[in-house]
Amino acid sequence: MDQPRKPGERPDFVFYTGCNVLKTPHMALIALDIMDVLGVTYRVRPTHCCGVIQLRTGDTEVSGRVATSSLDKLAEGKAGVISWCASCHVQFTETTIPTIEKERGARPFEMTPFMLFLKTRFEDLRPMLKKRVAMRVALHKHPGVKGVVEAGTELLRMVPGIEIVDLHQPAVGLMSNSLSALPEYKRGLQLSELLAAEAAGIDALVAIYHVDHRELCAHERDWPFRIINILDIVGASMGLHHDDHFKRLKIMQDADAIVADCKDMIAAYRIDPGLAREVVVKAMLNEQPLPLVGTRVDAAGRADYMPSQ
């Protein structure tokens, strides 16, 4: 998907989503809508791997080849690359781009996280945030990419009707998946935040990144507040919206029901229903660090913890 422009003309930016935001496409679609409203031209590059998976397994050679190949395909925006995924951003800006700069003598482009790109356009964006969104919200924070949390907080404050509540919770890492090596610690963090959010009486717990949304969104079923992405709020104020099908499906917590709901799309893309069910279980339902009510364990390891109602 590209924003319309003249044939042969380079876009202002390449919008690099990374691989995994495609599981929650409504976020990327709202981001593109915002760029359209701002008059920014772009080319979307969603599937070029950053090489971080290979790097984490110690295969530096393959990681370098994958990242360099992707980097060369991203170098077409006049003003650089806008990134969405925090781990992709760090992999490129701290590993790949500095290495290429040493080898080639020049940086191929600059990469800017989407939140920090929006910060450069806050004055343009401010008058577009017209609709009042009356909500008390708390921001789910990961400070690994400098300035993103601060930009997200400032953006929320620009939305008429938004009240931000500080839950006074630890802010750790790039995104939730960066804590996967410490599963008990991550479960404890998530449970503590949900309890604090309930106690604060907020209307919504708001995440910036896609991974956090995937891990947290199904808890909306069991707690007295919504779990949404920051762009859901920004979009609502601007009159932009895309349905969050991932959350709707994950809240079902039933692989057969999810496959049945998606049967028309599964048929249209000629996907084997059995394979689709396996993917739903592995990539959606099993991605639940803190189990839902009925199977949840608390931070101390006690089973069947139930939130107060």
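Trainee: Which residues line the largest cavity?

Mentor: Ser 83, Trp 84, Cys 85, Ala 86, His 89, Pro 113, Phe 114, Met 115, Val 145, Val 148, Ile 208 and Tyr 209 line the largest cavity. A cavity is a set of points on a 1 Å grid over the protein atoms alone where a 1.4 Å probe fits but cannot get out, and lining residues have an atom within 4 Å of a point. This is a predicted model, with local features needing pLDDT of at least 70 and side-chain atom pairs pLDDT 80 or more, while totals for chains, interfaces and linings use all residues. Numbering starts from 1 along each chain as its sequence is written, and side-chain values use heavy atoms, without hydrogens and water.

Trainee: Which elements give two or more residues to that lining?

Mentor: Helix 4 (86-104) and helix 5 (114-120) do. Helices here are DSSP runs (H or I) of at least four residues.

Trainee: And what volume does the largest cavity have?

Mentor: About 80 Å³. The structure holds 1 cavity of 30 Å³ or more. Its lining has 10 nonpolar, 2 polar and no charged residues.

Trainee: Switching to packing: at what angle do helix 1 and helix 10 pack?

Mentor: About 40°, with the axes of helix 1 (residues 25-38) and helix 10 (residues 230-238) 10 Å apart. That is why helix 1 counts as oblique to helix 10. His 26, Met 27, Ile 30, Ala 31, Ile 34 and Val 37 in helix 1 meet Leu 231, Asp 232, Val 234, Gly 235 and Met 238 in helix 10, counting heavy atoms within 4.5 Å as contact.

Trainee: And how do the axes of helix 7 and helix 10 cross?

Mentor: The axes of helix 7 (residues 148-158) and helix 10 cross at roughly 30° and come within 10 Å. So helix 7 is roughly parallel to helix 10 (angles under 35 degrees). Gly 152, Leu 155 and Leu 156 of helix 7 make the contact with Ile 230, Ile 233 and Val 234 of helix 10.

How values were computed. Axes are lines fitted to C-alpha atoms, for helices over the stretch in contact, and angles run from 0 to 180 degrees between N-to-C directions. Angles under 35 degrees count as roughly parallel, over 145 as roughly antiparallel, 65 to 115 as roughly perpendicular and the rest as oblique. On a 1 Å grid over the protein atoms alone, a cavity is a set of points where a 1.4 Å probe fits but cannot get out, and a pocket is an open set with protein on both sides within 12 Å along at least five of seven lines; lining residues have an atom within 4 Å of a point. Grid points are joined across faces, edges and corners, and a volume is the space filled by probe spheres set on the points. Ala, Val, Leu, Ile, Met, Phe, Trp, Tyr, Cys and Pro count as nonpolar, Asp, Glu, Lys and Arg as charged, and the others, Gly among them, as polar.
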